[in-house]
Amino acid sequence: MAACITRMLLYPRAWPNPEAYKIVFSLWSKLRRQDSTDLARVEKVIIHPQYNPNTYQNDIALLQLDKLPFSTKCIHDNPAIAPACLPWSEYQFKPGDNCVISGWGRQADDRKSLNLRWANVEVIGNCSGIYGSRYFDGMECAGSLDGSVDTCQGDSGGPLVCKDASGVAYAWGIVSWRDKCGVAGHPGIYTKVAHYYEWVRSHTGESSISKYNV
């Protein structure tokens, strides 16, 4: 796994068959591909062994990209593509920090999105007071309590990316589940990636992860 170890993707609710996936990079519109759009195949799927489809506990998986022919790389060099780092501490980002969500999910009027959409949200933190026994360790709340900014159906598996004070981007969360879209008092639930740092490291190797993943 060493050759494409830095190209592993975090993705919840994955099917175990690698042939079921094609990963598209730098796609902004479903109507047409851009000049920078690239396609990669998946070599291996690693689903968290304690994933529970009923409660969405441990809603995380790793997709290892296949190498390009006659190359050790997984994708072509592309200035339009940049990785988000793996967070190593659950305290890197705190409630009130601003982050970015993006995806192809349904809009407020229930229309499907043909163009990639993104928005700024705040980390809310522990939502056990809102969701009670359905909120487990390894989950994170983010959005807006008034429901004005939210993810929705079709956004699952999408990123919650946060930047630290030095501008380094981290994959802080993965869109996991929710009760209602854009409804006050029902913020979105994300898989808290930092909670799974050791699990990710166990499959990628120590050498692929540093404090800033560089």
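User: Happy to start! What should I know about the model itself?

Analyst: Welcome! The model is predicted, so local features need pLDDT of at least 70 and side-chain atom pairs count only at pLDDT 80 or more, while totals for chains, interfaces and linings use all residues. Residues are numbered from 1 along each chain as its sequence is written, and side-chain values use heavy atoms, with hydrogens and water left out.

User: How many helices and strands does the protein chain have, and in what order do they run?

Analyst: Helices (H or I, at least four residues) and strands (E, at least two) are DSSP runs, numbered from the N terminus. Here the protein chain has two helices and ten strands. From the N terminus, their order is β-β-β-β-β-β-α-β-β-β-β-α.

User: How do I read burial and contacts over the protein chain?

Analyst: Buried means under 20% relative accessible area, exposed over 50%, and partly exposed in between (1.4 Å probe, protein chains only). Of the 214 residues in the protein chain, 42% count as buried. For contacts, the rule is heavy atoms within 4.5 Å. Taking contacts between residues at least 6 apart in sequence, 63% join residues at least 24 apart.

User: Which cysteines form disulfides?

Analyst: A disulfide is a pair of cysteine sulfur atoms within 2.5 Å, and that rule gives two disulfides here. One is formed by Cys99 and Cys162, with sulfur atoms 2.0 Å apart. Its link is right-handed, with 100 degrees about the S-S bond. This pair links distant parts of the chain: Cys99 is in strand S5 (residues 98–103) and Cys162 in strand S8, 63 residues apart. Cys127 and Cys141 form a disulfide too, their sulfur atoms being 2.0 Å apart. With -135 degrees about the S-S bond, the link of Cys127 and Cys141 is left-handed. Cys127 sits in the loop between strand S6 (117–125) and helix H1 (128–131), and Cys141 in strand S7, 14 residues apart.

User: Are those cysteines buried or exposed?

Analyst: Both Cys99 and Cys162 are buried, and Cys127 and Cys141 are buried as well.

User: Why does Cys85 count as buried?

Analyst: Cys85 counts as buried because its relative accessibility is 11%.

User: Where is Ser144, and what does Ser144 touch?

Analyst: Ser144 lies in the loop between strand S7 (139–143) and strand S8 (159–163). Its relative accessible area is 18%, so Ser144 is buried. A polar contact is a pair of N or O atoms within 3.5 Å; within protein, one must be able to donate a hydrogen and the other to accept it, and residues adjacent in sequence count only if both atoms are side-chain atoms. The side chains of Ser144 and Asp146 make such a contact at 3.1 Å. Leaving out residues up to four places away in sequence, Ser144 touches Ile124 and Val149.

User: And what does Gly147 touch?

Analyst: Gly147 is in the loop between S7 and S8. Gly147 is buried because its relative accessible area is 12%. Not counting residues up to four places away in sequence, Gly147 touches Gly182, Val183 and Ala184. The C-alpha atoms of Gly147 and Val183 are separated by 4.5 Å, although these residues are 36 apart along the chain.
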